[in-house]
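Me: I am new to this structure and would like to know what stands behind the words used for it. Please take them one at a time.

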Amino acid sequence: MLLNGCFAKKSIEKISRPGTTDVTSSSREAKWSTGVLLSGIDIKISSDFNPLFDVADNDGSGHNLFIQMMKQWNSSTNLYTFFQADGDTTTNKNYTNISSYYDSEMGIYKSTNWFSNVSNQALAVTQFYGIRRNVGSATEYIELTHADIILNYRDYTFSMDSSSNSNYDLPSVLLHELGHFIGLSHQSDFLVSSVMQPYLSIFDVNRSITSADISSTRTNYNASLLTASNALSALNTGVRTSQVDPKEGEIVRGIIELRDNGKCHHYENGVLSDIH
Ligand SMILES: [Zn+2]
C-alpha cells in the first residue's frame with residue numbers, strides 16, 4: 001500500500017524485527033529479557049533535545065514529553081517496566097555510520113548526517129541488536145540486548161507543538177520508535193488504530209497508545225518468560241556479516257526499511273532477508 005504520495009505521509013523509519021528467511025513472519029519475535037525489564041531499559045535522551053522541552057508540557061510528575069512517551073509503553077502491562085523513564089540525558093551522537101551507535105550506551109539521538117544505507121524517506125530509525133534464541137523451533141526469537149533511536153534531522157523538521165502543521169510531531173514519532181525499541185513491528189492492518197502504523201503525516205499527532213498497541217505488547221511479552229540476558233558478552237562477541245545458517249546464540253543486527261514504494265525491506269546482519 002503506497003500512501004506517501006496521496007496523503008503526503010512519510011514512513012516513520014524503520015529498523016527492527018530481524019527474522020530468518022525460513023521462519024514465518026508471525027513467529028518473528030524480538031523482546032527484552034525479564035531481567036532487563038525488572039528495572040527497565042536505561043535509554044538516555046540526547047541533551048540536544050533539551051531546548052525543545054517546555055515545563056508547560058510536563059505531566060503531574062514533572063516529566064517531559066519524551067518521558068511521558070516512555071510511560072505510555074510502561075502502562076501497557078503491569079508485568080514489566082519497559083523504560084526506566086528517569087529522563088537521564090547524554091551527549092548527542094551524530095555518526096555517519098549507523099553501526100557506530102552499537103556501543104555501551106542506548107539513547108535517543110539527533111542525526112544531521114543520516115546514513116547511506118538507510119532510506120531518506122524515513123523520519124527516524126530504531127536500530128537494534130539481539131541474540132538468536134531457540135533457532136529452528138516454533139519459539140524462535142531475538143533476545144534484544146541493545147537499541148538506539150535516531151531522528152532524521154537532515155531531511156525533516158520536528159516540533160513538540162502538537163498544533164504545528166509545518167513540522168512532524170516529535171513525541172508521536174518517538175512513541176512509535178519506542179514501540180520498535182521494545183520489539184513491536186508495524187501494525188499490518190491499515191484500519192486498526194495504532195501508533196505502530198508505518199506512516200505519519202505532518203498533521204498527525206499520535207501521543208497515546210491504543211488498545212491494539214496494548215494487545216501487541218502483551219502478545220510479544222507473553223507468559224513464556226525470558227531468562228536473564230547476557231548482554232555484555234553479546235557486545236563482546238561481535239556481529240556476523242552474513243546470514244547463512246543462523247546459529248543459536250549469535251548476535252543479530254536488525255534493520256527494516258520502509259521504502260517509498262510501500263515495500264518493507266528487512267535486513268539481517270546486512271543481508272536482505274525479506275521483502276513484503
Ligand atoms: Zn516503524
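Reply: A residue is called buried if 20 or more other C-beta atoms lie within 10 Å of its own, and exposed if 12 or fewer do. The model to which this is applied is a predicted one.

Me: Which residues of helix H5 are buried?

Reply: In H5, which spans residues 211-220, Asp-213, Ser-216 and Thr-217 are buried. Each of these therefore has 20 or more other C-beta atoms within 10 Å of its own.

Me: Why are they said to be on the same side of H5?

Reply: Because the arc they cover around the axis is only 95 degrees, they fall on the same side of H5. On the other side, Ser-211 and Thr-219 are exposed, so 12 or fewer other C-beta atoms lie within 10 Å of each.

Me: What covers the buried residues of H5?

Reply: The cover includes helix H3 (65-74) and helix H4 (170-181).

Me: How much of the protein chain is buried?

Reply: Of its 276 residues, 42% are buried. The chain has 6 helices and 13 strands.

Me: What makes a group of residues a nonpolar core?

Reply: The members must be buried, belong to a set list of residue types, and be joined through C-beta atoms within 7 Å. The largest such core here has 57 residues, and Phe-66, Met-70, Ala-124, Val-173, Leu-174 and Leu-178 have the most contacts inside it. Strand S7 (residues 141-152) gives the largest share of this core, 7 residues.

Me: Why are strands S3 and S5 said to pair?

Reply: Two strands pair if there are at least two bridges between them. S3 (residues 43-46) and S5 (residues 106-111) have 3 bridges, in the parallel sense, so they pair. Ile-45 stands opposite Ile-108 in S5.

Me: What makes S5 and S7 a pair as well?

Reply: They have 4 bridges, again in the parallel sense, and the requirement is at least two, so they pair. Here Tyr-109 stands opposite Ile-150 in S7.

Me: What share of the contacts joins residues 24 or more positions apart?

Reply: Among contacts with a separation of 6 or more, such residues account for 69%.

Me: How confident is the predictor in the chain?

Reply: On a scale from 0 to 100, the mean pLDDT is 79, and 74% of the residues reach 70 or more. Over residues 14-27 pLDDT stays under 50, although the model has 45 contacts beyond four places in sequence for them. Residues 223-241 also stay under 50, with 29 such contacts.

Note on methods
Residues are numbered from 1 along each chain as its sequence is written. This is a predicted model: local features need pLDDT of at least 70, side-chain atom pairs count only at pLDDT 80 or more; totals for chains, interfaces and linings use all residues. Two residues are in contact if their C-beta atoms, placed from the backbone, lie within 7 Å. The arc is that of the directions from the helix axis to the C-beta atoms.
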